[in-house]
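Colleague: I'm new to this one. Can we walk through it together?
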Amino acid sequence: MSDIANIIKSRISANSYDTERSLSDQQVAELIELATHAPSAFNLQNWKFLAVRSAEAKARLLPLAWGQQKIVDAAVTFIVCGTLNPHETLPSALKPTVDAGIIDQAIYDMWVGAAEGMYKENPQLQRDEAIRSGSLAAMTLMLAAKGQGLVSTPMIGFDQSAVAKEFDLSDLEIPVMLVTVGYPGATNWPQKPRKAVNDVLQFV
């Protein structure tokens, strides 16, 4: 089995974390550097990550996540956000791709124009894109964590508006999910069985 297949098939959603082990600034930064390799439309990269790991910050987040203990036990909980108005940030996000010679100026201009036309007057599409981008980044983050010997959990059980207010998110930053990350504790379940491929795959 390839390394990536093993990572995918052995990843779990953890509820038990080793409370004696923390993550360094460098480890947290490396996880996010890997997470930012997730895909996004037009390479928008319309995401933001808040790393909640101090005791004080965890205490603020805990009641907003319905008291789930893994918020406290995990080394870090990432608030994974998608951002709105992606057409406004695309020019600067895309410029390094032009500078690297991956796309030319004509493609750059076409993509910037297309994004302007798609998103500027369409708040619902902006929100959809923020959630898509944040979700792809969160999944990439979890695979990165598994690849570094860590466990993680995606969490949708939290008060979105309260989290945004408590952690000073702007109106353009949508908290898509929480992702707890840390070293495994002793009582995690193995990965739960998946549906058969024939139940979810249709050839057309």
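Colleague: Let's start with R60: buried, exposed or partly exposed?

Modeller: Keep in mind that this is a predicted model. R60 is partly exposed, with a relative accessible area of 26%.

Colleague: Which residue in helix α8 does R60 pair with?

Modeller: E166, through a salt bridge whose closest N and O atoms are 2.7 Å apart. R60 sits in helix α3 and E166 in helix α8 (residues 160-166), so the pair ties together parts that are 106 residues apart in sequence. E166 is partly exposed, at 32% relative accessible area.

Colleague: And what does R60 do with E56?

Modeller: Their side chains form a salt bridge, 3.3 Å from N to O. R60 and E56 are four residues apart in helix α3 (residues 55-61), which separates them by about one helical turn. E56 is partly exposed, with a relative accessible area of 48%. Together, E56, R60 and E166 are linked in a network of salt bridges.

Colleague: How many salt bridges does the structure hold?

Modeller: Seven. One of them joins K48 to E173, with the closest N and O atoms 3.1 Å apart. K48 lies in strand β1 and E173 in strand β4, so this pair ties together parts 125 residues apart in sequence.

Colleague: Is E173 buried or exposed?

Modeller: E173 counts as buried, because its relative accessibility is 16% and the cut-off for buried is under 20%. K48 counts as partly exposed, at 32%.

Colleague: New topic. What's in the largest nonpolar core?

Modeller: It has 24 residues. L23, L31, F78, L141, V179 and V181 have the most contacts inside it. α2 (25-35), β1 (47-52), β2 (76-83), α7 (123-147) and β4 (173-182) each supply at least two residues. The largest share, six residues, comes from α7.

Colleague: What is L141 in contact with, leaving aside neighbours within four places in sequence?

Modeller: L31, I32, A35, F78, V80 and V179. There is also a second, separate core of 16 residues, which includes V52, L64, I71 and M155.

Colleague: Which residues form a nonpolar patch on the surface?

Modeller: V197, V200, L201 and F203, with about 460 Å² of accessible area together. L201 is in the segment after α9 (197-200). L201 counts as partly exposed, at 42% relative accessibility.

Colleague: Last one. What does UniProt annotate for residues 8-183?

Modeller: The unreviewed UniProt entry gives "domain: Nitroreductase" for residues 8-183. Over that stretch the chain is 49% helix and 16% strand. Its end C-alpha atoms are 17 Å apart.

How values were computed:
Residues are numbered from 1 along each chain as its sequence is written. This is a predicted model: local features need pLDDT of at least 70, side-chain atom pairs count only at pLDDT 80 or more; totals for chains, interfaces and linings use all residues. Side-chain values use heavy atoms; hydrogens and water are left out. A nonpolar core is a set of buried Ala, Val, Leu, Ile, Met, Phe, Trp, Tyr and Cys residues joined through side-chain atoms within 4.5 Å. Buried means under 20% relative accessible area, exposed over 50%, partly exposed in between (1.4 Å probe, protein chains only). Contact means heavy atoms within 4.5 Å. UniProt positions are given in the numbering used here, feature names are shortened, and annotations may be inferred rather than shown by experiment. Patches are made of residues with over 30% relative accessible area and no salt bridge: like charges are joined within 9 Å, nonpolar side chains (Val, Leu, Ile, Met, Phe, Trp, Tyr) within 5 Å. Accessible areas come from the Shrake-Rupley method with a 1.4 Å probe; for residues, only the protein chains shown count as cover. A salt bridge is a side-chain nitrogen of Lys or Arg within 4 Å of a carboxyl oxygen of Asp or Glu.
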